[in-house]
Amino acid sequence: MALTGLDIFKLLPKKNCKECGQATCLAFAMALAGAKTSLDKCPYVSEAAKETLGGAAAPPIKLIKVGKGEKEREIGDEVVIFRHDKTFYHPTCLAIRVSDKLSGAELDAKVEKLNGLVFERVGQKVSIDLIAVQNDSGNADTFANTVKTVAAKGNYALVLISENTDAMAKALEAVGDTNPLVYAATEANYEKMAELAKKYNCPLAVRGNGLEATAALVEKVAAIYKELVIDVGTRNLSQALAEITQTRRLSIKKKFRPFGYPVIAFTTADNPRDEVVQASVYIAKFASIVVLNADEKSQIIPLTAQRINLFTDPQKPSQVEPKVHEIGAVTKDSPVYCTTNFSLTYYTVEGEISASKIPSYIIACPTDGTSVLTAWASGKFTGEKIAEFLKTCGIEDKVDHRNIVIPGYVAVIKGTLEEKSGWKVMVGPGEASGLPAFAKSHFA
Amino acid sequence: MAVQVLKDRNPGKLTTVTLGATKEQGGTRTKTITVGGDACLPFLHFEGEIPNRPVIAMEVFDRAPVEWNDELKNALGDVINDPAAWAKKCVEEWGADMIFLRLQSADPELGNSSPEKCVQTVKSVLAAVGVPVAVVGCKIDEIDNKVISAVAEACAGENLLLGFATQDNYNTIVAACMVHKHTVIAQSPLDINICKQLNILITEMGIPADRIIIDPSIGGLGYGIEYSYSIGERGRLGALQGDKMLSMPTIGTVGFEAWKAKEANVSAEEFPGWGDQAERGILWEAITASTLIQSGMSIAVMRHPEAVKLVKKNIEELMVPSSL
């Protein structure tokens, strides 16, 4: 059962030393209760208190790491059920399945293809995260050879899929030092699998069959080893949604330990499109890893976009890079618009400008992701600020003219902006929806 | 440790709204569609009843949407030149649950069609299909007030879904819906407070809550869908807590948003790093829909037949009862 801040406070040393980063022991206790910090930040806590608090202060869902170095991914450690309650922290990992029946050039080509599943989005590099090598061959040596090749040539950490402990032992011998996810411990093999994972200190997936059986198995495995990932074993999408939702609820609301680990899910559709749609459900609803076969850029890019969106911190307005954006085949005479760098504002403007079919520049001014009126009211979108950015953003070298369109809602800054920048200011429409008509009458 | 399943007890549920009217009910539809009534979060069957599945309305323009990308236009074929034929194909070939007709040509820039001409178009679509029909204008308030009023009157009793009533412009359309027995789309700009406020304003005019569908406005995949997702979840939670003014089922113009995205439109030659354009566009629309359906959307307005197929299948899979 979760302890309150005061319960925790009673067990702390009450030195108010501030070494944990909090002002007082009480503040630290409150932070612990809210799972916002961890007990190891306190250098003076007694062993007895650790024992008592360990369980209560641990995050409701354990943080698990898969892979090493550049390839490492962190999963789990979520604290809410709804993103609007705080945020989702660790984006769902996309794992693409590779059969160990592939070998030689075929295998190389597949790995090469997966290495190409990297995209640039909103200034960040996004990609798939894991390669799930499946022991379809049934042969331990083949499995070990394949995972070795994939580990060497692939740009991603591995999931090793085999229930055969001999195959897993050989695979781990080959790639155990890369911290792969071992999949999976089952009722039949869990003792050996857990020992193997423990030996190589790799995360271990535990596959049950429904909630009850999964919880029971996790408890047995956790007695041996605790770096775990859960598979409820259910593949029917609707039932899986229900069960995975329960693991999230029970871990966060009740701190139910057997479900206090990240979840892995598998798509089942027989074609990539349906698989991608199934994966979108698991990304939205609490899976930390989704394993699928779909491996085309066109199929993966929508999932990376969905994942970035849903794992965006709702308390931080999403922003576009403050810079000059070029829409269409711009020239030195193309019109110049300015707006703020709040992504919703910017994309609305961008959509309308591109609908106008007139190549244009849009200057997304640095307003910390606030909308036009908010930015203006807080002094981030004033004549002075925009004039400053006009000089540094590079637009003066890109166009020969000096005319800029400002949003209609901030018509009042026209005078200052003209005075400070030397540009001629045109006041655009109040709503972005008026832009195509505006563009047509002024620039067509 | 035994698993003690957590089931939330929800005092409220979504309002149940029926669209379209059969001959007996004063219209000409051969079938009606009922949405809402959900007593739980999306697809959590173990927790409450989901009497009606989410539905797909396919979007039809009253003018050829020449600006759409070729992949999408080719998938639809020649019917894009004829709204009635387009609507018919949506229902008969692609399995649309209903039609969402945009009277874009009322816009002076896009055809300047008179209200009479718009009424004719609506009538032709109604004659071509038996499913319920939603009709919206060209998004210019003065024009839409005339056009939608004319449509409402000429199709009295059909229980069309008419839009859009907004905070700044709701009187005329709500009155037209009340008088001529239609259902209204109440549209708010990605803001749950305005959404609720608008529902209060229009129900105060006397229209019953089961004659309202909420359009909370949506962002497309990659372009603000997270805002819509959270507004959807908050709205559903509000409804389940018993807030009647957030309980109406929601509609989202998925196709409109998804096909605005660069990712749905640029060619593989231009962006080789993004892969095949046709596949990408279809999935962009499908994932926009599947994501929003996970946040509680009841009516997805879509464009591409292949995307529709994917989402229908997704809904079917999710409507399989679960038990815990």
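R29(B) is buried in this predicted model, with a relative accessible area of 4%; buried means under 20% relative accessible area, exposed over 50%, and partly exposed in between (1.4 Å probe, protein chains only). E158(B) is buried too, at 6%. These two form a salt bridge, their closest N and O atoms 3.3 Å apart, where a salt bridge is a side-chain nitrogen of Lys or Arg within 4 Å of a carboxyl oxygen of Asp or Glu. The pair links distant parts of the chain, 129 residues apart: R29(B) sits in the loop between β1 (17–19) and β2 (33–35), E158(B) in the loop between α4 (141–154) and β6 (161–165). Here helices (H or I, at least four residues) and strands (E, at least two) are DSSP runs, numbered from the N terminus.

A word on ground rules: this is a predicted model, so local features need pLDDT of at least 70 and side-chain atom pairs count only at pLDDT 80 or more, while totals for chains, interfaces and linings use all residues. Residues are numbered from 1 along each chain, chains are lettered from A, and side-chain values use heavy atoms, without hydrogens and water.

Now for another pair. R102(B) and E59(B) meet in a salt bridge at 2.5 Å, N to O. R102(B) belongs to strand β4 (residues 98–102) and E59(B) to strand β3 (residues 55–61), 43 residues apart. Both R102(B) and E59(B) are buried.

D243(B) and K196(B) make a salt bridge as well, at 2.8 Å, N to O. K196(B) is partly exposed, at 31% relative accessibility.

Stepping back, buried residues make up 63% of the 324 residues in chain B.
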